[in-house]
Amino acid sequence: MSAVHTPADPSAVGRDILVTSRPLDEYCALFDLTRSQLATLPGPLLDCPGGAAGLAAEARQLGCRVIAADPAYALPAPEVAAHALAARASMAAALAARPHLYPAPRPCRSDRYLRSWDRARRLFAADSAAHPQQYVAAALPRLPFADGAFALTLSGYLIFAYPEVFGPERQLEALLELVRVTSPDGEVRVQPLHDGRGRRCCHLDPLRYALGEHCVASEIRRFPRPEDGRTRRVLVLRAADRRRRDTLGM
């Protein structure tokens, strides 16, 4: 049974939730993905929230279709751009104040990193104008997509990053919604598992137990960060009763 909901209201775009502009390579590093895995996905990918990322534009060159969902897309394009520029400024400040949470500092590394955001933001602006149907104004925990619509769903820097917006009950709702719109043969990947100051979610085990009660299997996948070898964690969710297939070549 499919579910269709009303698109998000622009007022849902809060001042404190950043509209970031991450490029494809950063998505791969954050979610333990490769370009070849994206190129061979058996269906579309959902990026929620999509922000002002370059993912949809860049992944199309690989043959991967991306649908981005974000309440910001209900705003006029100049306002989305303004939010994205504000996020860039916030990231620049965060890189300086909390470098341990971000790629290891090297000479000019922060500048190069921020320039990658600038390029992604330009790709987003051009792509969202050329392919507006792939950018859907919607906000968790209710998405306007049918059950099982996506082969892979990614959710970065939202559900655990803003505990003041997503408390434990809303986190559970949001995660269940992401699983609902993902194919039984696919998976949901969520990161980071800490807030903007690096504080880990203290109720992750009870949350995973609650997901299990809703027939959702979960695991914490650990893998090395390519920039410094330190461990990165991603929450991976799947429908627990599915017949598992190796859709991503894992």
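How are helices H6 and H7 oriented to each other: parallel, antiparallel, perpendicular or oblique? H6 and H7 are oblique to each other, a class left for angles that are not under 35 degrees (roughly parallel), over 145 (roughly antiparallel) or 65 to 115 (roughly perpendicular). This is a predicted model, in which local features need pLDDT of at least 70 and side-chain atom pairs count only at pLDDT 80 or more, while totals for chains, interfaces and linings use all residues. Residues are numbered from 1 along each chain as its sequence is written, and side-chain values use heavy atoms, with hydrogens and water left out.

**Helix packing**

- Helix H6 (residues 168–180) and helix H7 (residues 204–213) pack at an angle of about 45 degrees with their axes 10 Å apart, where axes are lines fitted to C-alpha atoms over the stretch in contact and angles run from 0 to 180 degrees between N-to-C directions.
- On the H6 side the contact (heavy atoms within 4.5 Å) is made by Pro168, Gln171, Leu172, Leu175 and Leu176, and on the H7 side by Leu207, Ala210 and Leu211.
- H7 also lies across strands S6 and S7 (231–239), running at about 135 degrees to S6.

**The sheet**

- An open sheet of mixed pairing is formed by 7 strands in the order S3-S2-S1-S4-S5-S7-S6; helices (H or I, at least four residues) and strands (E, at least two) are DSSP runs numbered from the N terminus, and two strands pair if DSSP finds at least two bridges between them.
- The edges are strand S3 (135–136) and strand S6 (216–224), each of which pairs on one side only.
- Strand S4 (residues 150–156) pairs with strand S5 (residues 182–191) in the parallel sense over 6 bridges, and Leu152 has Glu187 of S5 as its bridge partner.
- S1 and S2 likewise pair in the parallel sense, over 3 bridges, with Ala68 of S2 as the bridge partner of Asp47.

- Leu45, found in strand S1 (residues 45–47), is buried with a relative accessible area of 0%, where buried means under 20% relative accessible area with a 1.4 Å probe and protein chains only.
- Not counting residues up to four places away in sequence, Leu45 touches Leu38, Leu55, Cys64, Arg65, Val66, Ile67, Phe150, Leu152 and Leu154.
- The C-alpha atoms of Leu45 and Val66 are separated by 4.7 Å, although these residues are 21 residues apart along the chain.
- Strand S2 (residues 66–69) is covered on both faces, with Val66 and Ala68 buried on one side and Ile67 and Ala69 buried on the other.

Note on methods
Buried < 20%, exposed > 50% of the residue type's maximum accessible area, 1.4 Å probe, protein only.
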